[in-house]
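User: I am new to reading protein models. Can you walk me through a few features, one at a time?

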Amino acid sequence: MTTTTTPARPLDLVRQIVVLSAVSFMLISALLGTGFLGGTSVENTQSGSLDSDSTYLAPAGPAFSIWSVIYAGLIAYAVWQALPGQRANPRQRALGWLIALTAVINGMWLVAAQFWALPLTVVVIVLLLIALAITFRVAVVTRTPRDGAVDSVLIDGVTGLHLGWVSLATVANTTAWLTETVPQEWGENPAAFGIPVLIVVGVIGLAMAWASGWRVTPGLAIGWGAAWLAVGRLTEEPQNTAIGVTAIVVAAAVALIPLAVAGLRLLRPQGD
């Protein structure tokens with residue numbers, strides 16, 4: 001566990017409480033989004049536009065189980081950062097507020113899906129993507145070798161998974177909105193737009209890995225989603241072999257290339 005001799009400030013305790021509150025709000029929103037608290041499950045909101053079979057770029061249903069990992073990681077982070085030893089940690093000061101912001105926006109997306117119009121869900125998820133990109137960048141530049149394994153997993157790892165998954169989810173959400181708004185004839189050749197979009201997602205995933213010193217979690221999350229997108233297009237409706245095969249290639253590239261580079265860096269350390 002990372003320790004610090006920097007004196008604590010009153011705002012440090014406020015930050016810890018805000019993080020706990022933000023994650024709690026996110027979890028309550030998630031329970032609402034699953035229908036556990038009486039709300040409508042996300043796949044049934046917006047007239048089914050957010051369901052796994054609503055568009056050609058929606059991952060199959062099991063892909064969304066990654067949220068359980070992300071939520072568990074954020075819960076663990078919220079508890080860990082609230083410990084007295086983390087109160088004055090400079091890295092917590094740099095990242096706590098940002099992680100709290102991402103948790104709040106995450107919860108707001110679930111609220112938007114329940115009660116707002118579909119275009120507003122796109123606005124919220126884009127804001128979440130921007131907030132996560134900033135948070136992950138700060139996590140990368142503030143990371144030092146002495147920060148330890150717990151810090152690496154609960155900050156870099158969880159934020160990277162969150163960012164990677166939301167990157168793909170933004171594409172799916174935006175496609176759901178466009179499917180509802182553009183002329184129907186635009187969708188007569190789905191591969192013409194689906195393949196380029198997936199290639200762009202793959203390039204973005206590799207760019208994230210490169211810019212972050214080959215952190216693997218964003219690519220793993222994108223790869224997970226793209227793999228299940230492939231399953232959806234190859235085995236479920238709406239089917240499209242070209243999009244499915246492209247998704248397989250993208251999934252392999254964004255997941256395996258960063259893992260390979262990270263493995264080589266472990267064999268030939270270049271510094272954290």
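Analyst: Start with one residue. Asn-173 is found in helix H5. Keep in mind that this is a predicted model.

User: Is Asn-173 buried or exposed?

Analyst: Look at relative accessibility. Buried means under 20%. Asn-173 has 3% relative accessibility, so Asn-173 counts as buried.

User: Which residues does Asn-173 touch?

Analyst: Leave out residues up to four places away in sequence. Asn-173 then touches Leu-50, Trp-109, Leu-118, Thr-121, Val-122 and Ile-125.

User: Now a contrast, please. Is Leu-267 buried or exposed?

Analyst: Exposed means over 50% relative accessible area. Leu-267 has a relative accessible area of 70%, so Leu-267 is exposed. Leu-267 lies in helix H8, which covers residues 241-267.

User: How far apart are Leu-267 and Tyr-56 in sequence and in space?

Analyst: Take the two distances separately. In sequence, Leu-267 and Tyr-56 are 211 residues apart. In space, they are 40 Å apart, C-alpha to C-alpha.

User: How do I find empty space?

Analyst: Rolling a probe the size of a water molecule over the atoms shows where empty space is left. Here, the structure holds 1 cavity of 30 Å³ or more. The largest cavity has a volume of about 40 Å³.

User: Which residues line the largest cavity?

Analyst: The lining consists of Leu-74, Ile-99, Thr-102, Leu-132, Thr-135, Val-158, Thr-159 and His-162. Sort them by class: 4 are nonpolar, 4 are polar and none is charged.

User: Which helices supply at least two residues of that lining?

Analyst: Helix H3 (90-115), helix H4 (118-142) and helix H5 (148-181) each do. The largest share, 3 residues, comes from H5.

User: How much space lies in the largest pocket?

Analyst: About 600 Å³ of space lies in the largest pocket. The pocket is lined by 29 residues. Val-42, Leu-50, Phe-64, Trp-67 and Trp-109 lie nearest its centre.

User: How does the lining of the largest pocket divide by class?

Analyst: Count each class again. The lining has 18 nonpolar, 9 polar and 2 charged residues.

User: Which helix gives the most to the lining of the largest pocket?

Analyst: H5 does, with 7 residues. Helix H1 (10-33), helix H2 (66-81), H3, H4 and H5 each supply at least two residues of this lining. Now link the features. H5 also holds the buried Asn-173. Asn-173 touches Leu-50 and Trp-109, among others. Leu-50 and Trp-109 are among the residues nearest the centre of the largest pocket.

Definitions and conventions:
Residues numbered from 1 in each chain as written. Predicted model: local features only at pLDDT ≥ 70, side-chain atom pairs only at ≥ 80, totals over all residues. Heavy atoms only, no water. 1 Å grid on protein atoms, 1.4 Å probe; cavity = no way out; pocket = protein on both sides within 12 Å on 5 of 7 lines; lining within 4 Å. Points joined across faces, edges and corners; volume = space filled by probe spheres on them. Helix = DSSP H or I, 4+ residues; strand = E, 2+ residues; numbered from the N terminus. Nonpolar A, V, L, I, M, F, W, Y, C, P; charged D, E, K, R; others polar. Buried < 20%, exposed > 50% of the residue type's maximum accessible area, 1.4 Å probe, protein only. Contact = heavy atoms within 4.5 Å.
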